Amino acid sequence: MTATGAQAALCYARRVSTEAQAPVLRLAVPAPLRRLFDYLPPPDADAENLIPGACLRVPFGTRELTAVLVEISNAPQDPAQTLKAALATVDNRTRLPEKLLALCLWAAAYYQHPVGEVCAAALPRRLRDGREMPLHAWRLTLRGRGLPEGALARARSQARTLALLQAGPRGHESLRRDGISTAVLRELAAKGLIERCAGDAAAPTAELRETPPTLAAEQHSAAQAIAATDGFACHLINGITGSGKTEVYLQLIERCLVAGRQALVLIPEIGLTPQTLARFSARFACPIAALHSGLATGARLAAWQAAASGAAGIVIGTRSAVLTPLARPGLFIVDEEHDTSYKQQDGFRYSARDVAIKRAQLEAVPVVLGSATPSVESLQNARLGRFHEHVLSARRGGGALPAVKTIDLKGLPMESGISPELLLAIRDTTGRDRRQTLLFLNRRGYAPTLQCHSCGWVGECKNCSARLTVHLRQRRLQCHHCGAKQTLPELCPTCGSPRLLTRGLGTEQTEAFLTAALSCPIHRIDSDAMRGRDAMQALLDIAESEEPCVILGTQMLTKGHHFPRVQLVGVLDADALLFSADFRGEERMAQLLTQVAGRAGRESAGARVLVQTHHPESELFSAVAAGAYTRIAERLLELRRSAGLPPVGQLAMLRADAPGERDGEHFLRALRASLPRLPADCELIGPLPAALSRRAGRYRWQLWCLAATRSGLRRALDELLQGAQSMKRPSQLNWHVDVDPIDVV
């Protein structure tokens with residue numbers, strides 16, 4: 001902003017502040033402060049554009065930021081304050097819809113996060129940067145509408161474009177899908193026959209590209225019950241792996257499109273986007289928008305506009321897509337609802353699943369949660385009657401649940417994590433049966449530890465309380481917490497000995513062994529190997545092929561992928577999942593084992609799952625073998641109930657981190673001591689060091705706040721946050737609150 005502009009705004013602010021009836025704009029400014037800020041309208045304000053949800057540029061300290069108008073008041077919150085004027089509205093055509101703004105206000109209050117940062121999360125970067133949104137559609141000009149028939153007969157593409165636009169404005173991406181190139185649009189624009197426009201909210205077509213299959217009885221019952229929902233209701237589809245949950249989604253979306261509404265489908269990982277998009281595009285002829293962080297800026301913006309304008313009938317996205325504006329929302333779907341990826345772990349720490357449920361309630365439309373391993377929270381809500389549960393107990397397509405067997409590793413010879421029995425099963429599957437094998441090992445790299453055999457030195461991260469992982473192929477040591485890297489040493493840095501040994505197991509080591517032991521291709525799937533936008537599509541092509549092979553990977557493999565040719569699944573190190581200090585550890589292990597086992601035998605019988613463990617007597621393994629995940633979850637729910645833990649009790653955590661080893665502890669201890677009193681049903685536990693006590697050079701401490709009721713937790717958090725905001729603390733100490741935390745150790 002120029003000096004002249006600043007002076008003009010200041011003069012305007014002084015003039016308006018003297019007027020008795022001057023409106024006050026209450027704005028959500030993207031700053032780390034849990035409050036709204038009062039401003040005067042911009043000098044050139046148009047009253048029609050000053051409605052809640054509008055975006056305005058405002059001076060804030062030494063910066064200019066984009067804020068969202070929440071309400072208009074007749075008086076400021078602080079009568080003694082001299083108000084500044086907002087500088088300008090950002091885009092008169094774009095604002096947060098009323099119910100999406102209400103969702104942001106709810107989320108800010110529920111998750112105890114600054115409201116301005118929550119509202120900013122619902123805006124595309126272009127608006128946050130203070131720039132107007134580009135015009136994303138085309139329409140006929142007056143001259144174009146009056147063009148005589150046959151005038152462009154020699155330019156077939158141009159004539160076809162004009163014919164398409166006769167029905168009304170069309171989005172750029174929609175025209176491109178119909179074979180209209182950017183060059184053709186530019187030529188018509190240069191002739192004055194078409195022009196850019198914001199587009200309209202015309203309902204996309206409900207036309208299908210393929211005939212839907214007939215639903216099985218359980219699928220049909222679930223689809224009918226959900227389709228009959230009038231207004232808001234939350235439905236839980238509890239269906240075993242391969243039971244056809246996606247087909248139920250597809251047929252519900254078809255009904256949504258027929259009604260002229262839009263459907264939002266949330267998926268837990270970017271890697272699922274190609275498979276999901278391909279499946280939905282094969283069924284529906286309407287535009288489908290994909291939203292995730294892996295998209296280029298322009299593509300993400302175009303998808304956001306297609307969703308907000310109503311041009312896209314279906315929006316498929318990861319966690320952040322839950323805050324995308326929709327012109328006519330009609331259905332929300334959260335696939336793999338149990339997945340922890342739906343919980344944001346930094347900044348605005350929200351659960352996309354829970355926000356989707358609240359959004360559906362505000363929009364008065366149904367929301368569908370689907371999983372083969374529903375979270376204990378969702379099962380609890382179903383038992384209490386808050387969710388309508390629909391069970392799908394049988395696989396579709398001729399598949400059957402695989403037979404699960406444990407391999408007792410005690411005393412067995414092992415080669416890179418592979419027992420003789422498992423190796424023989426892999427050879428039979430890929431050789432004799434000409435099928436695929438999937439091996440699960442949730443540890444990337446070559447080995448988790450490098451140790452000197454002479455003096456005992458161990459490679460540790462200088463910034464974290466963690467050991468460095470060996471990546472042999474790249475000849476480096478890397479910390480998987482802060483990302484620090486260093487060259488793999490040839491001599492011990494302490495004693496100079498060349499006797500450096502690797503300890504433990506990683507996917508890279510197992511891949512090397514299998515490559516030498518087998519004649520079939522080995523495909524490693526982890527975050528090191530899956531680089532580039534086309535990497536996941538390449539995996540899906542392999543999975544769809546007839547090629548016998550071994551697919552070796554980490555937790556990425558358990559996220560709902562469809563592997564039709566996989567006949568054998570091997571879990572290499574189940575014991576790594578057995579023992580956890582987190583009270584959710586057993587639930588996550590049961591989910592993980594059930595999900596990875598569910599990749600086998602989806603389109604054929606006779607599939608097997610071999611689980612390698614030193615503890616085959618574990619009740620967890622026998623329950624997974626029996627396909628009794630719900631039985632495990634019900635037992636865990638009883639244990640949580642007796643301990644007062646979520647979902648029966650309510651939990652939030654106040655975390656502090658600082659460069660000083662005890663700074664966070666002292667801050668949280670002083671905060672706890674300063675509280676006058678807490679609600680009777682609340683308990684504070686700690687301060688305690690985090691399981692990873694030091695990360696990226698900062699020591700981490702946490703204070704648990706456990707309550708019997710949500711209202712009690714809210715009152716306790718109000719006291720804690722008020723105290724934390726007013727306390728003096730070291731300048732480099734940071735703190736935050738995490739409501740409904742996923743990781744608690």
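Me: Which residue forms a salt bridge with Lys 410, and how far apart are the closest N and O atoms?
Reply: Lys 410 pairs with Asp 408, and the closest N and O atoms are 3.1 Å apart. Keep in mind that this is a predicted model.

Me: Is Lys 410 buried, exposed or partly exposed?
Reply: Lys 410 counts as partly exposed because its relative accessibility is 49%. Asp 408 is partly exposed too, at 33%.

Me: What lets side chains like that pair up in general?
Reply: Side chains of opposite charge can pair when their charged atoms come close.

Me: How many salt bridges does a search of the whole structure find?
Reply: It finds 31.

Me: Nice. Which residue does Glu 511 form a salt bridge with?
Reply: Its partner is Arg 524, with 2.7 Å between the closest N and O atoms. The pair links distant parts of the chain: Glu 511 belongs to helix α16 (residues 507–517) and Arg 524 to strand β23 (residues 522–525), 13 residues apart.

Me: And is Glu 511 buried or exposed?
Reply: Glu 511 is buried, because its relative accessibility is 9% and the cut-off for buried is under 20%. Arg 524 is buried as well, at 10%.

Me: What about Glu 619, which residue does its side chain meet?
Reply: Glu 619 meets Arg 635 in a salt bridge of 3.6 Å, N to O. This one joins helix α20 (residues 619–625) to helix α21 (residues 629–643), with the two residues 16 apart. Glu 619 is partly exposed at 46% relative accessibility, and Arg 635 is partly exposed at 28%.

Me: Which residues do salt bridges with shared partners join into one network?
Reply: That network is made of Glu 210, Glu 247, Arg 279 and Arg 283.

Me: Switching to rings: how many aromatic pairs are there in the whole structure?
Reply: The search gives 7. One of them is Tyr 110 with Tyr 111, an edge-to-face pair at 4.8 Å centre to centre and 75° between the planes.

Me: Is Tyr 111 buried or exposed?
Reply: Tyr 111 is buried, at 3% relative accessibility, whereas Tyr 110 is partly exposed at 21%. Tyr 111 also forms an edge-to-face pair with Phe 348, 6.1 Å centre to centre.

Note on methods: Residues numbered from 1 in each chain as written. Predicted model: local features only at pLDDT ≥ 70, side-chain atom pairs only at ≥ 80, totals over all residues. Heavy atoms only, no water. Phe/Tyr/Trp six-rings, centres within 6.5 Å; stacked < 30°, edge-to-face > 60°. Buried < 20%, exposed > 50% of the residue type's maximum accessible area, 1.4 Å probe, protein only. Salt bridge = Lys/Arg side-chain N within 4 Å of Asp/Glu carboxyl O. Helix = DSSP H or I, 4+ residues; strand = E, 2+ residues; numbered from the N terminus.
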